[in-house]
Amino acid sequence: AKIYHHTLLQRLEKQVKLPEWVHAYRRGFQCREIPFMLVRVIEQCQQWHSPLRLCTLELRKAYGSVPMLVLSQALLWCGVTEQLARAVVDAAHRRRYKGVVAEHGSEEMGVTSGLLEGDPMSPMLFNCVMVWALDETY
């Protein structure tokens with residue numbers, strides 16, 4: 001599955017168009033510059049007397065709460081073809097886990113939401129969802 005996910009990631013990288021300001025989880029970009037950029041943004045907002053909205057995000061919870069329908073919409077919004085978006089969502093959705101369900105023993109369950117930490121596609125998918133969500137909000 002990991003080789004397949006790497007192949008999908010390579011195809012995603014060719015199609016996804018993320019805005020320049022998205023630095024998190026991108027190859028060639030480093031997050032250590034973000035605090036300095038944030039200070040600069042705060043200074044500019046103070047200088048221009050413009051409002052500034054900040055939010056915090058607990059990444060562990062955010063990764064685990066991305067519904068597959070939202071993932072599909074975000075991928076299409078980021079410029080991914082329908083065919084590739086369907087393949088990516090299917091690959092993410094096909095993950096299955098065995099879990100103990102009360103007295104019934106173990107039962108196989110499918111995933112309806114969440115990106116798998118450690119999956120090679122997860123950073124790219126997470127960025128797509130965040131950019132899409134911010135665009136939908138504003």
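**Exercise 1. Secondary structure.** State how many helices and strands the chain has, and in what order they run.

Solution. Helices (H or I, at least four residues) and strands (E, at least two) are taken as DSSP runs, numbered from the N terminus. The chain has six helices and two strands. From the N terminus, their order is α-α-α-α-α-β-β-α. The model is a predicted one, in which local features need pLDDT of at least 70 and side-chain atom pairs count only at pLDDT 80 or more, while totals for chains, interfaces and linings use all residues. Residues are numbered from 1 along each chain as its sequence is written, and side-chain values use heavy atoms, with hydrogens and water left out.

**Exercise 2. Cysteines.** Find how many disulfides the structure holds, and explain why cysteine 78 is in that state.

Solution. Step one is the criterion: a disulfide is a pair of cysteine sulfur atoms within 2.5 Å. Step two is the distance: the cysteine sulfur closest to that of cysteine 78 belongs to cysteine 128 and is 3.6 Å away, so it is too far for a bond. Cysteine 128 is in no disulfide either, and the structure holds zero disulfides. Step three is accessibility, where buried means under 20% relative accessible area, exposed over 50%, and partly exposed in between (1.4 Å probe, protein chains only). Cysteine 78 is buried at 2%, and cysteine 128 is buried at 0%.

**Exercise 3. Salt bridges.** Locate the two salt bridges and place each pair in its helix.

Solution. A salt bridge is a side-chain nitrogen of Lys or Arg within 4 Å of a carboxyl oxygen of Asp or Glu. Take glutamate 43 and arginine 40: the N to O distance is 3.8 Å. Both lie in helix H2, three residues apart, about one turn of the helix. Glutamate 43 is partly exposed at 40% relative accessibility, and arginine 40 is partly exposed at 47%. Next take arginine 86 and glutamate 82, whose closest N and O atoms are 3.9 Å apart. Both are in helix H5 (residues 82-93), four residues apart, about one turn of the helix. Glutamate 82 is exposed, at 54%.

**Exercise 4. Chain totals.** Determine the buried share of the chain and the share of contacts that join residues at least 24 apart.

Solution. Of the 138 residues in the chain, 30% are buried. For contacts (heavy atoms within 4.5 Å), take those between residues at least 6 apart in sequence; 63% of them join residues at least 24 apart.
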